[in-house]
Amino acid sequence: MQDLTLRKLVESRAPRWAARVPSFFRGTLYAFGERVMRMADVRAFFSAHRHLRGAELLDAALEHLDASYVMTLRDRQRIPSEGRVVLV
């Protein structure tokens with residue numbers, strides 16, 4: 001996951017916005033964003049857990065962040081086996 005950078009994420013997800021940012025400011029903006037979002041830590045986490053997918057990856061991320069969640073059996077059964085899920 002060494003190729004996971006803020007620049008690549010922005011340019012792939014919002015190319016028109018990325019093109020509007022003045023070129024002289026782009027490098028500074030991306031460097032600041034990388035530090036604020038701790039992208040080095042994100043890359044290190046994904047490198048260490050590259051073998052995990054799906055729920056296993058989510059469990060590892062929650063453990064890494066020292067976070068937890070509570071879910072009823074009914075709610076757990078409502079999670080689709082495929083596709084996207086939004087957790088609040």
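User: In which helix does Asp-59 lie?

Analyst: Asp-59 lies in helix α5, where helices (H or I, at least four residues) and strands (E, at least two) are DSSP runs numbered from the N terminus. This is a predicted model, in which local features need pLDDT of at least 70 and side-chain atom pairs count only at pLDDT 80 or more, whereas totals for chains, interfaces and linings use all residues. Residues are numbered from 1 along each chain as its sequence is written, and side-chain values use heavy atoms, with hydrogens and water left out.

User: Why is Asp-59 called partly exposed?

Analyst: Buried means under 20% relative accessible area, exposed means over 50%, and partly exposed is in between (1.4 Å probe, protein chains only). Asp-59 has a relative accessible area of 39%, and is therefore partly exposed.

User: Which residues gather with Asp-59 in a patch of negative charge on the surface?

Analyst: Asp-59 gathers there with Glu-56, Glu-63 and Asp-66. Patches are made of residues with over 30% relative accessible area and no salt bridge, like charges being joined within 9 Å and nonpolar side chains (Val, Leu, Ile, Met, Phe, Trp, Tyr) within 5 Å. A salt bridge is a side-chain nitrogen of Lys or Arg within 4 Å of a carboxyl oxygen of Asp or Glu.

User: What makes Asp-66 count as exposed?

Analyst: Asp-66 counts as exposed because its relative accessibility is 73%. Asp-66 is placed in the loop between α5 (54–64) and α6 (73–77), and its phi is positive, about 55 degrees, although Asp-66 is not a glycine.

User: Why does Arg-38 count as exposed?

Analyst: The relative accessibility of Arg-38 is 54%, so Arg-38 counts as exposed. Arg-38 sits in the loop between α3 (23–36) and α4 (39–48), with a positive phi near 50 degrees in a residue other than glycine.

User: How do you know that Ala-18 is buried?

Analyst: Ala-18 is buried because its relative accessible area is 5%. Ala-18 has its place in helix α2 (residues 15–20), and, leaving aside neighbours within four places in sequence, is in contact (heavy atoms within 4.5 Å) with Val-10, Glu-11, Arg-26 and Tyr-30.

User: Which residues are buried in α4?

Analyst: In α4, Met-39, Arg-43, Phe-45 and Ser-47 are buried, and the buried residues of this helix pack against α1 (6–13), α3 and α5.

User: Why does Ile-79 count as partly exposed?

Analyst: Ile-79, in the segment after α6, has 35% relative accessibility and so counts as partly exposed. With Leu-58, Val-85 and Leu-87, Ile-79 makes a nonpolar surface patch of about 330 Å².

Methods: Areas by Shrake-Rupley, 256 points an atom, 1.4 Å probe, with all protein chains shown as cover. Lys, Arg positive; Asp, Glu negative; His and termini not counted. Charge placed at Lys NZ, Arg CZ, Asp CG, Glu CD.
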